[in-house]
Amino acid sequence: MVVLPRSGGYWCDDGSDTAAAPADPSQTASCKLELDETARCYRRFFVGKEHQNFVAQDEALGPVLLSVKHEMLAGQDYVRLILRLQTGTLHEVVPATCLSDQASPHRMAKLLCEELNTEKFVPVSWPKSSPLIAAYDEHVLVNHFKFGLLHQRFGQTTEEDIFANNGTSPALDEFLDVLGKRIHLLDHKGYRGGLDTQFGQTGVDSLYETFRDREIMFHVAPLLPYTENDPQQLQRKRHIGNDIVAVVFQEDNTPFAPDMIASHFLHAFIVVQPIDPCTPNVRYRITVTARDGVNFFGPTLPDPPVMRKGPELREFLLTKLLNAENACYKAQKFARLELRTRTALLSNLVDDLHKKTCDFLHLSSPLLSGSSQAEAPAKTEASQHTAPVGGGARFIDTVRKALSSARRTQQEQGAVAQASGASNKKGSMNWSNASSDSTPASTLRLSSKGSNMSGPSKALMAADKSSSLSSQLAVQQVGMASPSTSPSLDTPPSRIARMTVPDSDDSSLNSIEMENIHQAATGSRMTGTNPIHHQQPPRPPTEDSDTGMESLSSAETPATAKRLSGKSCSCYGNNSESEPGGHHQPEEEQQHIRQNETLQQEVNKLKFDKLELLRQNVSCQRDIKRLKEREFQLHSELITASQELQRLRLILRDHQATSSMSAYEGSPV
């Protein structure tokens, strides 16, 4: 017995009101499946036969795909048309007399859809277009179904009571034999309907049936796993609650309300109540209820709605279930999802056919103005003119300004340097000796090769290349590091701020190598010579450093890099102003040297800080990898434990059955 909710929203068909059902007695006799044959028309009438396909883009209706085929029917000329739109597919056979001698694809499409405005249809010339079009038309065909099956005992009027039924009854087993055959899930190879066929986590047995080349899996609530201390039985509801149609088996006359089962997907229920179960005269009373958005579906219930057990009942119920799900797909909730899917598939199909046609005909420009291919060049051009945004881009601009400033300073001081070559050379040697005696770690590696570029400019260019290579090595060592890696809690705020600035291969100002600096400084102290003139020959740009320490990017301090480049250039430019004796330097030059040394110390400190952060990052990645391995191990152990628990439950069940049988045999008669 079905009781409709007071708030409405559902309709009920119990066979008594024949006015609501269509007057088609053949439905009950033949149990015809209600299918949309339009999906099969293209493969049936077009594939393998001469026909034409056209694509178009309409401003209001979107992508359009038209198929045209001329054929003779009863000695007359007809035109078979299939028009595919976002809203659906239209199929029609029209006489050729409806079209004039100058028939066009636009006029043919207007016969099926008056709202179509576009007049530009492009023929599809790609030879392999038919399989793609047939696949699109047939994507709506469903050959796999899953239905829920609930067992409602006498007096159960809540969802919790229905889902809490543990075990079947003889009447239910008899009804299950009518619908299908029981299968062992671990041995099942066909459609599984979301059930577990590998580890047995969704029960041991289930109900399965093949009907008219379609596979059907039933989610039988009593056969799904039962969870203790869970009144909602989520293990059962997560399967049945996601079904669209469900069968409710009532052992006795108990009211069933369709809103009793809270679900966003369940739209139709077929309620079956046995009469004289487990007897040769068993019959079943059938009632159908569904939401208001679901149209009526056949086959029509007989009057009275009672059917005997047999093949006719099986065919009637399975046909009713399949038609119910097809009718539910047209409800508002599922129609929106279908419209979204059809729109995306049709748009991709039209673009694909258009692109392959252009490639097949070797056309450089697209034929459709509104297609995505026509919009692609504009998007590419816009993206090329779009300036990069972010800390890395700003820092690259800073480096470029620093390099251009160094070049300008070099050009301005070139004439003065040529006029006083000997004095400039002696002043440069004194500057190197003074800097090596004060702070050896701040000495810059300079190339001994002669070029048109000054010393600071060489250092900046070498630093850019060295940091580009070293940053790539650092990324390779970090491995699985992600941009969202969080710093440790004890990391100073300054380090956290530096970590958030993105690095790039073009944003480096590193030219210090500690080991070579230390060796050069030590040698200059012992011999009293200029370390610049006694350093080793420069390595090729592709050779790695032999210090054993990576060069780290200083992209976090663009202002410091700018000051460094400016001061370095000014130091080299002021060598011409030194005294002829070479033993005394101007006070301004010494101040520049001290500032340069301070900046070099800051750069060294930033390098060591970043190296420490990289090490911490690598350590964190290792910890994450170790935790993931542990999680996978625990998951495997959990699966093993659940299998063992299921096995113990089966053993306990067999033991209880054996004990009860022994107690029954040993009791006095």
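Biologist: Why is Cys278 called partly exposed?

Modeller: In this predicted model, Cys278 has a relative accessible area of 48%. Buried means under 20% and exposed means over 50%, with partly exposed in between. The value of 48% falls in between, so Cys278 is partly exposed.

Biologist: Where is Cys278 found, and what is its phi?

Modeller: Cys278 is found in the loop between β12 and β13. Its phi is positive, about 60°, although Cys278 is not a glycine. Most residues other than glycine have a negative phi.

Biologist: What is the phi of Asp276, and where is its place?

Modeller: Phi of Asp276 is near 55°, a positive value in a residue other than glycine. Asp276 is in the loop between β12 (268–275) and β13.

Biologist: What makes Asp276 partly exposed?

Modeller: The relative accessible area of Asp276 is 38%.

Biologist: Which residue with a positive phi follows α2?

Modeller: Gly48 follows α2, and its phi is near 80°.

Biologist: Is His106 buried or exposed, and how do you know?

Modeller: His106 has 15% relative accessibility. Buried means under 20%, so His106 counts as buried.

Biologist: Where does His106 sit, and which residues is it in contact with?

Modeller: His106 is in helix α3 (residues 105–112). Leaving aside neighbours within four places in sequence, His106 is in contact with Leu116, Asn117, Thr118, Glu119 and Phe121. For Glu119, 13 residues apart from His106 along the chain, the separation of the C-alpha atoms is 5.3 Å.

Biologist: Why are α2 and α4 called roughly antiparallel?

Modeller: Helix α2 (residues 38–46) and helix α4 (residues 129–137) pack at an angle of about 155°. Angles over 145 degrees count as roughly antiparallel, and therefore α2 and α4 are roughly antiparallel to each other. Their axes are 8 Å apart, and their crossing is left-handed.

Biologist: Which residues of α2 and α4 meet?

Modeller: From α2 there are Ala39, Tyr42 and Arg43, and from α4 there are Ser130, Ile133, Ala134 and Asp137. The residues of this contact divide into four nonpolar, one polar and two charged.

Biologist: Which residues of α2 are buried, and what covers them?

Modeller: Thr38, Ala39, Cys41, Tyr42, Phe45 and Phe46 are the buried residues of α2. Their cover includes β2 (52–58), β3 (62–73), β4 (76–85), β5 (88–95) and α4.

Biologist: How do you know that α4 and α9 are roughly antiparallel?

Modeller: The axes of α4 and helix α9 (residues 332–360) cross at roughly 175° and come within 11 Å. The cut-off for roughly antiparallel is over 145 degrees, so α4 and α9 are roughly antiparallel to each other.

Biologist: What meets what between α4 and α9?

Modeller: Ser129, Leu132, Ile133 and Tyr136 in α4 meet residues of α9, namely Arg342, Leu345, Leu346, Leu349, Asp352 and Leu353. By class, the contact of α4 with α9 has seven nonpolar, one polar and two charged residues.

Biologist: What makes α6 roughly perpendicular to α8?

Modeller: Helix α6 (residues 170–179) and helix α8 (residues 311–328) pack at an angle of about 75°, with their axes 8 Å apart. Angles from 65 to 115 degrees count as roughly perpendicular, and so α6 is roughly perpendicular to α8.

Biologist: Which residues meet between α6 and α8?

Modeller: Phe175, Val178 and Leu179 in α6 meet Leu313, Arg314, Leu317 and Leu318 in α8. This contact of α6 with α8 has six nonpolar, no polar and one charged residues.

Biologist: How many helices and strands does the chain have, and what share of its residues is buried?

Modeller: The chain has 17 helices and 14 strands. Of its 669 residues, 41% count as buried.

Terms used. Residues numbered from 1 in each chain as written. Predicted model: local features only at pLDDT ≥ 70, side-chain atom pairs only at ≥ 80, totals over all residues. Heavy atoms only, no water. Helix = DSSP H or I, 4+ residues; strand = E, 2+ residues; numbered from the N terminus. Buried < 20%, exposed > 50% of the residue type's maximum accessible area, 1.4 Å probe, protein only. Axes fitted to C-alpha atoms, helices over the stretch in contact; angles between N-to-C directions. Parallel < 35°, antiparallel > 145°, perpendicular 65-115°, else oblique. Left-handed = near helix turned anticlockwise from the far one by under 90°. Contact = heavy atoms within 4.5 Å. Nonpolar A, V, L, I, M, F, W, Y, C, P; charged D, E, K, R; others polar.
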